[in-house]
Amino acid sequence: MKSVYKNHLYPHKITTKNFSEGFKKRVIEDKIIISDNPLIDGETREVLLNGVKLNMRNGKISPPFMVDVEHDFPFLKIHFEIEGSSVYTPKNKESVTVNIPGGHYNFFFLPKVCGTLRYDKPVRRTLEILFTKEYLKRVFGTSFKKECADFGTALEQNKPFLMWAKSKPITPSLYRIIRDITDCEFEGGLKKAYLESKITEMLTIFFNRLKTKETNYSDNLSEEDYNKVLYAETIIKENIKTPFTIAQLAIITGINQFKLKRNFKLIFGKPIFTYVTEIRMAEAKKLIIEKGYTISEAAYEIGYKNPQHFTVAFKKVYHFLPSTLKRVT
């Protein structure tokens, strides 16, 4: 299996990467790759499991950054563009364009990859999970085609498939899984088992949406209304200590309260208040685990004056007390 990259500014410089057939590895392989491209400042953590390759990118580029890419194997990938932007434009008309803005994700299958990647933002943080068809069949067993719904049919027929025509915003629950993967401190066989469990968790969530034919009403929103809701979500994440009221968000984003509440739930799958609570609790959890904050300190840092109120909210989200985190760290 081979991937070939050619930078538009340095067409003479061709980068070729070779992988074992089907990403097959008896033991986990975990390495840091430092870019030797003068236009890229950063690193990629590459983890190879048995049938899966994870890329965790973190770096800066000089946009617009364009590179021709070609793979000699079918491309099956979950791509989280945590920060930055990514657009793949195929050279063959039979394929599909994959556009993933910052803070969004998609899951897609491309039988043939031969096209151009374009990055328009100076900072990029991503989690990219590449699979083989055999890996999915191993996860879902004999019910592969049934469980994978339309995606499974596309794989069997070797046809390009985007799980969502318009890439979806990364929700707090998915951010938690992403963080579990990127911050995993296990090693060896334990790490392999842990990462595979998290990948399976993601696949279960995605394919359940396809199987139940969950309607993507947000796809019917105008580009203007969609962007206004994304702007509201950005404001929410930047002000978790002193959250804005819905009335204030409506004024700032230029959309009435009814449309804001309705469209926010369409895009993110939950009411604004629930979303705000989840990201505040996620930040508190990170402070307690990673920085050793006390319960009171974490509560104050995310805007709770009363630690007891924080504890109630935390338990409602995670179904255990925040004090449990202090005992296991």
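Glu46 is buried, its relative accessible area being 5%. The model in which this residue is seen is a predicted one. Glu46 belongs to strand β4, which covers residues 40–48. When neighbours within four places in sequence are left aside, the residues in contact with Glu46 are Phe19, Glu29, Asp30, Lys31, Ile33, Lys53, Leu54 and Asn55.

From here the reader may turn to the nonpolar residues. In soluble globular proteins, nonpolar side chains tend to be buried together. The largest nonpolar core in this model contains 41 residues, and Phe80 and Phe107 have the most contacts inside it. At least two residues of this core come from each of the strands β5 (52–61), β7 (75–83), β10 (104–110) and β12 (123–131), and likewise from each of the helices α1 (133–140), α3 (149–157), α4 (172–182) and α5 (188–211). Helix α5 provides the largest share, seven residues.

Phe107 illustrates these surroundings. Beyond its neighbours within four places in sequence, Phe107 is in contact with several residues, including Leu76, Ile78, Phe131, Phe151, Trp164, Leu203 and Phe207. Apart from this core lies another, made up of 34 residues, among them Leu230, Ile279, Ala282 and Ala313.

Phe108 lies in strand β10. Phe108 counts as buried because its relative accessible area is 5%, under the 20% limit.

Conventions: Residues numbered from 1 in each chain as written. Predicted model: local features only at pLDDT ≥ 70, side-chain atom pairs only at ≥ 80, totals over all residues. Heavy atoms only, no water. Core = buried A, V, L, I, M, F, W, Y, C linked by side-chain atoms within 4.5 Å. Buried < 20%, exposed > 50% of the residue type's maximum accessible area, 1.4 Å probe, protein only. Helix = DSSP H or I, 4+ residues; strand = E, 2+ residues; numbered from the N terminus. Contact = heavy atoms within 4.5 Å.
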